[in-house]
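Dear colleague,

Please find the structure below, handed over for your review.

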Amino acid sequence: MSSVPLTAYLMLALILFCIGLFGALTKRNAVIVLISIELMLNAVNINLVAFAKYSINPGLTGQIFSLFTITVAAAEAAVGLAILIALYRNRQTVNVDEMDTMKR
Amino acid sequence: MMEDLLYAQPGWMHVAIFFALGAALLMTVLGFVTYAILAERKVLGFMQMRTGPNRVGGRFGLLQTVADVFKLLIKEDTIPKLADRPLFILAPVIAFAPAFMVLATIPFSENMQFADLGVGLLYYVAISGISTIGILMGGWASNNKYSLLGGMRAAAQMISYEIPLVISVIGVILFAGSLNLNDIVRGQENIAYIFLTPIGFFVFLISSIAELNRTPFDLPEAESELVAGYHVEYSGFRWAFFMLTEYVYLFAMASLTTVLFLGGWMPIPFLGFIPGMLWFGVKFSLVVFFMIWIRGTLPRLRADQLMGFAWKVLLPLALLNIFVSAAVKELFL
Amino acid sequence: MDFYNLYQNNYLIVAVFLFLGILLPVVALTAGRLLRPYKPSAEKYTTYESGIEPFHQSWVQYNVRYYLFALMFVIFDVETVFLYPWAVAYEELGVFALIEMGIFVVLLTLGLVYAWKKKVLKWT
Amino acid sequence: MNAWLLSILIFSPLLGVLVLMFVPSNDEKSIKWLGVLGTLFPLGIALVVLSAFKMGGEGLQLTEKFSWISYEVFQSKGQVSYPIFYEVGVNGLSMVLILLTAVVSVLAAIASFSIKQNWKSYFILFFLLEMGMLGVFAAQNLFLFFIFFEVTLIPMFFLIGRWGYLEKEKAAYSFLIYNGVGSAILLIVFVTLFMKTGTMNFEQLAYTFSLPQAELNQLFITKGFKMGMLIALLVAFAVKLPVFPLHSWMVRVHVQAPPAIVMIHSGILLKIGAYGVIVFGAGMFPDQFKSLAFIIGLFGVINLLYGAFLALTQTDVKRVLAYSSVSHMGIVLIGLAAGNESGMMGAVFQVVSHGLISALLFFLVGALYERSGSSELSAFGGVAKRMPILAGVFLAGGLASLGLPGMSGFISEFMAFLGLFEKMPVLAAVGTLGLILTAVYVLRAVLAITFGAEKELNETRDLSSSERVPAFVLLAAILFIGIYPAWLSDMLRPTLDAILLGLGG
Amino acid sequence: MDLDTLLSFKWSVMAPEFIILGVATLLSVIDLFMKKESSRKPLAWLAGAGVLGALAAIFMQLDTEVTSILYDTYRLDSFSKAFKILLLLGTLLVLVLAASYKKEDIEENRGEFYYLLLSALLGAMMMASSADLITLFVGLELLSLASYIMAGLERRNKRSNESAFKYVVSGGIATAITLFGMSYVFGLTGETNLFLIAQNMQDPELLKHGFLLMFAFLITFAGLTFKIAAAPLHMWAPDVYEGAPVPVTAFLSVVSKTAGFVILLRFIIITFIAAPGIDSESLLLEVQPYVMILAAATMIIGNVTALRQRNIKRMFAYSSIAQAGYILVPFVSNSSLLFELIWFYLLAYLFMNIGAFTIIQVLTAQEKSNDISIFRGLFKRSPWLAVPMTFFLLSLAGIPITAGFVGKFGIFMGALGLEPAHYWLAAVMMATTLVSYVYYFNVIAVMFFRDGEGAKVAVPSGLAAVLAFCAVSTVILGVMPDLALDFFYGNFDINEFFMNIEAVDTHTHDH
């Protein structure tokens, strides 16, 4: 049980990020899309914290950065949900495909 | 003996030891729950001028709860066919596991603590939040109007009261300058934080009761309105685990209150010769008794009052408390 | 290095507790399966609805106010991300930090007032 | 006074705009007269400029120079400022073209009486157009030149698109896009030159490029670079001129635009192309220009023959004239390709005379169209009987355009070919075929209209007094140049000599 | 960090931000306690006053030398001043648009509109003068979040909701991508302060990680292209522009875009200027081709797709994508003219685009449609709208005697000035400009050549003022660009942009 190498964290973050991106781009359900975005942001947090501890020149600011990221992510999720609720009240749907009142 | 174990290179041996110790704690907790339930019924009984359980196990009904447990054990358990089966089965587990996990970081005495986490308090808050999901899940999975409503209410109530709960302890953190529960206790060597942040304590106590879904905040399982709230459909041992969760949380919350505000194992001045374990036990039982007392005394709130209270009274108070505490720290310490 | 071990051990304990917390229900329920009777009948498996026949789905659209409370919770709970570290580090930071936190909390309260006025906090 | 003379001249049309602003847009009569007056005013100033212009004087005259824009660029050598000045001035060549512009504008304004609607906005645009043209010829600075060049573009777009015939918008768009391409290339070239040399002034540029190659290399100006620039410039102006593969827009415009505008267009705007080739091409990159001479000449001959052939096959008078313009522009190229005195002279003469002739012919065709509502050759015949004056002038114009001795057309073609025969006789020999063809198609068209069996026309009134003015003035000018070319050549010689010096011809 | 360090900072340099923050807070409170039915006009005036005040504050700061407070997280240099002026000016004009934007379902939260606008502005200003990844990012998000809400301000309008949601999703993705890139930048340098990052970039250790750096650059750049609506993250623009209320669209297309370029310049240039590439030459030079391709792609996509649009707002969305492409050209060709070129073009773009949107707002409000046909015969109906619109369109198309031309001219100077000159990029830009002629002149043709039914268009006085201001400025800047350029050269020394005044040793991790 010795220390975990940096690359492992980075890989994890990268995978999370890609999953999130994939979900955000392909999923139909708006809520899932928002969640996928949160996933991407959390991947960023993992990166930041991992770097802050293990990078070639570590620095504490990374963790602070991640704190800000967390809060902003929350705010973004809140706004997104609020808008989604407004949309749902008008359209009775959370399906992204049905959001096509404007021509492509 | 524990020390060098903790400082040694972790291995499977450790896992075994920890497992044994954990199991031991689990047993104690179960024991506590059994007698907490009995105690509650007794106390309520006396408060309502009646002698509570008095048949099973002597005239004090010492085995009453044990009997109940066995009854539950041999009950047939049904899962409605409309229910979402996997979630239905998962829900009690998700509700219970965190309830037990939070105990890992509670210092019961100078050297009676399992995981001395640097961020103990944060850990407690974070983990305890998970149970909400379990309850919501249970309510939703039953696919029953009452349970759904109960689940939603429970979730709404728990998240609403989590805010003041979380913010009210900031006073304590200010004084202790640490999130580590041990440090917090040591910080109360001279004076318990209850005296330094009375507002914080007040807010914390009320929110904790609400978090535990106990009267007067037991709307989620208000028999008269919702039959039994989120666990209408649960029967037998699955139901038992929801109950168990609540009482384990009672245990945990009482211990946390003791640690944060009542100075944990710290003795009252001039009585240092009494072991810390005992002090902890005394303070702990006081808190538990208080909670039972409240249940015996206060009527249930209305839903709107409940929410309003959390957001309009407790939250501002908690925020105010931050600065009061800071001022106190600046002026007196 | 010792502290590193301590660190790891502590979280090892947490893991063990998690394991126990899951183990107990599993054991208990499996044990229960041996003891408890099993006499299925259609009625037993209908949803409980105070005796009357259950009518249509209960997975209905939640009242929107639950969402609003959820949003409120998200915002205010996340603010503690700043409050806790501040409280811990208050010793070093001193008065300046107090003033900063004052501004921060004032804005937070402003948000609360906003929600209050907009009747978000109103149940029913 | 002289200090500001040119600027006054350039912006004098704006006075007309200003006045028109306050005229109610439904007051047709006064608007039209104001329109003519508004063009007479610049003409007057142009004459003043002419009087102030010293005949045969060397180099630029009446120059003005004000600081305008300056960019501060940090470079390895430190801070270098890239200034852009407002610089105007006239030499013989531009003087001639300015006069041409002023005159043709007046006549076009008179010809605009046939406009049926929205006279006000029409004349406002007309004035802006004139301002642009005057500016183009007076500018001594790439930036200024380009701005005025574009300023001619926009009013033309509106004039064609709003007051033209059936397919006006199509014509307007093709005009816009083709010229857009041209000006796009111009802009890139200009900016590149600017960034390389740090100046935009014509003379300084010419001087810079005349420096020995060694010094130029420090400025990253290689022979290849020069050649590339020259070719780009030639292409850009070839669109305007237009040269064979890029001419379709011009035909469309000539057919669709209102006659007055076509007078302006074929009379002056096309000449901007020639002007550009002379000033930028021959003026700035003489060596490269010489090495390209044969290709230019080749294109000239192709233009000449191609235009002539197509003109021969057209059934619509306008198209005939349009293609004749194409072939006449070929002669300009031929003259330039010759690159010797007579060739240059011929080219410029061709520019002027074609300006006058095509203006005249298009004006007359416009008049005919007004009477018959058609411009098909088949619709006309025996016009001479009913409208002798019109027919006479038309015949004269036709003869001028096929280069009858004693008229301006003859001089230019003669000199151009004289020049070319000296340099590349074979090409010239081929080219002469074009002249014969020209005679054929011009006579075919003109005779078919004037003589022959009489056709029915809606109205058969002869040229009205207001129509006679432009017709006679133009004809007079054509004859004047034809009989007394020395006047023009004296004015041009110093400028052309300077250029020829560069070309070493 | 105790009281005296706190007092040691020159807080006066933050005056503009404080003003905006104060006004925004004040507005939110007032709006909260105002009666629902009472008019919100005073709020608009207050907001306007706030913006003007901030502008005045900046003009007072013009001659203060470069200062930095809060450990270089906030710095006041020529760059920030120059671009803050643009941001404030743009917001001021948009504010007028917003004040006279009539729509029943916006009335109930008209007040919110104003302070959201100001908060967005605040975020943009923070970006303009912050030299730390964290503050940059927070500013960016403040701007974004406010814009998201503004886009969805018409709560009962499906299109508005939808555009807002699409904006949130694409914005969230963009944010995540940017942050992911930033996290790598931080990881490789261990700093969030831009100048310290730039220092650590020289660290020979990094030569081994050239590839990671390249990755970080590309991904961050891609993320940042969202705000300026350039390829690859431009797809949101058409829908959002179409659905959002017109003033918001104007805001997004001008102020938000400007802010996008601000962060692009700040972050990319300072951070990567000293960064080693994969084979140890400068990273910026190494990535230049890719960025060029992006710029070219942006220009092509924007202009070509705009051809097909019948909806005027969509058309302008694509046109603004194209404009972003143009402005990327000087950024790519990193000539020394970089800053003034971008600044000038953005200034010109501010005037012409807001002017155009003013007219669009008036027409769409009257005709209840977004189709280009609302311009039919505008010249006949109300020439005083048609003529300015013509100027704006000509300026957008880059025809002389308009500001747009001078801007484009400058951009060409930037692209062709260096050795070796970027001929093909210039050619692409020129070609796409020609393409743009078609759709810009199409609108002009509709205004002048078609004769449309429909009444004379009534213009509210406020909008008329904005219109006049924009039109005049467009022409003035076209005829006498030196007014702007001299102002720039006279007051701003762009070297300050690179000047790291915060001594490095004082910046340690102890705070």
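I begin with chain B, for which UniProt, in an unreviewed entry, places the feature "transmembrane region" at residues 12–38, 87–109, 121–141, 161–179, 191–210, 247–266, 272–294 and 306–328. UniProt positions are given in the numbering used here, feature names are shortened, and annotations may be inferred rather than shown by experiment. The model is a predicted one, in which local features need pLDDT of at least 70, side-chain atom pairs count only at pLDDT 80 or more, and totals for chains, interfaces and linings use all residues. Residues are numbered from 1 along each chain as its sequence is written, while chains are lettered from A and ligands numbered from 1 in the order in which they are written.

Residues 161–179 of chain B are 79% helix and 0% strand, with end C-alpha atoms 21 Å apart. For residues 272–294 of chain B the figures are 83% helix and 0% strand, and the end C-alpha atoms lie 31 Å apart. Helices (H or I, at least four residues) and strands (E, at least two) are DSSP runs, numbered from the N terminus.

Chain B is divided into domain 1 (1–74) and domain 2 (80–332), the bounds coming from an automatic or database domain assignment. The centres of the two domains of chain B, taken over C-alpha atoms, are separated by 19 Å. Between them, 15 residues of domain 1 of chain B are in contact with 15 residues of domain 2 of chain B; two residues are in contact if their C-beta atoms, placed from the backbone, lie within 7 Å. On the side of domain 1 of chain B that touches domain 2 of chain B, helix H2 (12–47) and helix H3 (64–73) of chain B each supply at least two residues. H2(B) gives the largest share of that side, twelve residues. By class, this side of domain 1 of chain B has 14 nonpolar, no polar and one charged residues. Here Ala, Val, Leu, Ile, Met, Phe, Trp, Tyr, Cys and Pro count as nonpolar, Asp, Glu, Lys and Arg as charged, and the others, Gly among them, as polar.

In chain A, the unreviewed UniProt entry places the feature "transmembrane region" at residues 6–25, 32–52 and 64–88. Residues 32–52 of chain A are 100% helix and 0% strand, and their end C-alpha atoms lie 30 Å apart. Residues 64–88 of chain A are likewise 100% helix and 0% strand, with end C-alpha atoms 36 Å apart.

Chain D does not touch chain B, their nearest C-alpha atoms being 55 Å apart. Chain C and chain D do not touch either, with nearest C-alpha atoms 43 Å apart.

Some backbone details also deserve mention. Most residues other than glycine have a negative phi, and most peptide bonds are trans. The peptide bond from Leu241(D) to Pro242(D) is cis, with omega near -10 degrees; Pro242(D) is placed in the loop between helix H10 (223–240) and helix H11 (248–256) of chain D. The bond from Ala231(E) to Pro232(E) is also cis, with omega near 5 degrees.

Yours sincerely
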